[in-house]
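Reader: Please take me slowly through one part of this model, and then go on to its ligand.

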Amino acid sequence: MQRMVSGMRSTGKLHLGHYLGVIDNWLKLQNEYECYFFIADWHALTTKYDKTETLKQDVLEVAMDWLAAGIDPEKATIYVQSQVPEIAELHIYLSMITPQNWVERDPTLKDMAKILKSKEGMASQINYGLMGYPVLMSADIMMFNADFVPVGIDQVAHVELTRDITRRFNNIYNTDFFHEAQPKLNECSLICGLDGNKMGKSFNNDIKISDTAEVTAKKVMSAITDRSRMRKYDPGHPEDCEVAFKYWKIFGSEDEVETVRCECEKGARGCADCKRQLGAKINERFAQIRERRRYYEEHPEVVKQILADGSAKARKEAQNILREVKNIIGMY
Ligand code: TRP
């Protein structure tokens, strides 16, 4: 079976963007590939090194969201990056063969640096660890000699760099040990935030997987609709409805979407009623996931055990690969 590695930074409770954009995709992939899914707490540390109070809990929150959503530890290996220290060791070896200008021209890193610099109170310096972000990511991927890396479009440049580093390693050490991992673009529905912008934790426009039905309903009521529509019985323009109708297309059946469209265009459906129904629809979709999440919240020891088992399993494989790598390089 072909192997897949993918990770998410430990950012705490995940939102519907994560669910629809990444997790939903993983749910299928875990049946078709040998999957290694991990929580990237070192990557989180590259920017949050001075705010570590929530770090442990953030890892657990991500794990609970994954498990509740149906990522299955019987099918996929689920682990925590920092619990597999072999990754850090591989990162050292890769850092030796990675030319400095390769990381300097990494577009995602450039964007991150720009955001960091624009944030008040953030040191305008990029730390050494953040510079190594893409090399660490290469170590994540190469640690398990992955064939594919399911990622969003924003991460493709990183996977390309991983391929460059892989080729360089194989070249320098005259080997074909490492596979060139291919990015596998997520087939996903992009969901925007409640305000029409990209959904994001820090933009205050997200719906969390773990939000209660009440909170979700309330948030959905705040979603932007057709801005030109003033009165309830004015004819609406679903295609100009910036958020609510887009959500219908994601969460409603074809018939439902058509009904919403017709009623809106005829002025037979007010935005408030429409969003009340939409909220209920979203809650229906996540009811079971949320119920499972509550179980894990009440049993954190179960979650910790799953992570410990997954990390031990990943570590065993990482040790095999690292032994081979050291051998190839000619280390003591
Ligand atoms: N950089 C990724 C992100 O921000 C997370 C990540 C870290 C990752 N290591 C990885 C993804 C390895 C895929 C493979 O989303």
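At what angle do helix 3 and helix 14 pack, and how far apart are their axes?

Author: The model is predicted, so local features need pLDDT of at least 70 and side-chain atom pairs pLDDT 80 or more, while totals for chains, interfaces and linings use all residues. Residues are numbered from 1 along each chain as its sequence is written, and side-chain values use heavy atoms, without hydrogens or water.

Helix 3, residues 55–69, packs against helix 14, residues 300–329, at about 90°, and their axes are 10 Å apart (helices are DSSP runs of H or I with at least four residues, numbered from the N terminus; axes are lines fitted to C-alpha atoms over the stretch in contact, with angles from 0 to 180 degrees between N-to-C directions). The two helices are therefore roughly perpendicular, a term for angles of 65 to 115 degrees. On the helix 3 side, Val59, Leu60, Ala63, Met64 and Leu67 meet Val303, Lys304, Ile306 and Leu307 of helix 14, where contact means heavy atoms within 4.5 Å. Of the residues in this contact, eight are nonpolar, none is polar and one is charged (Asp, Glu, Lys and Arg count as charged; Ala, Val, Leu, Ile, Met, Phe, Trp, Tyr, Cys and Pro as nonpolar; the others as polar).

Turning to the ligand, the shell around it has six nonpolar, four polar and two charged residues, and helix 8 gives the most to this shell, with four residues. A nitrogen atom of the ligand lies 2.8 Å from an N or O atom in the side chain of tyrosine 133, and a polar side-chain atom of aspartate 140 is 2.7 Å from a ligand nitrogen atom.

Definitions and conventions:
A polar contact is a pair of N or O atoms within 3.5 Å; within protein, one must be able to donate a hydrogen and the other to accept it, and residues adjacent in sequence count only if both atoms are side-chain atoms. Angles under 35 degrees count as roughly parallel, over 145 as roughly antiparallel, 65 to 115 as roughly perpendicular and the rest as oblique.
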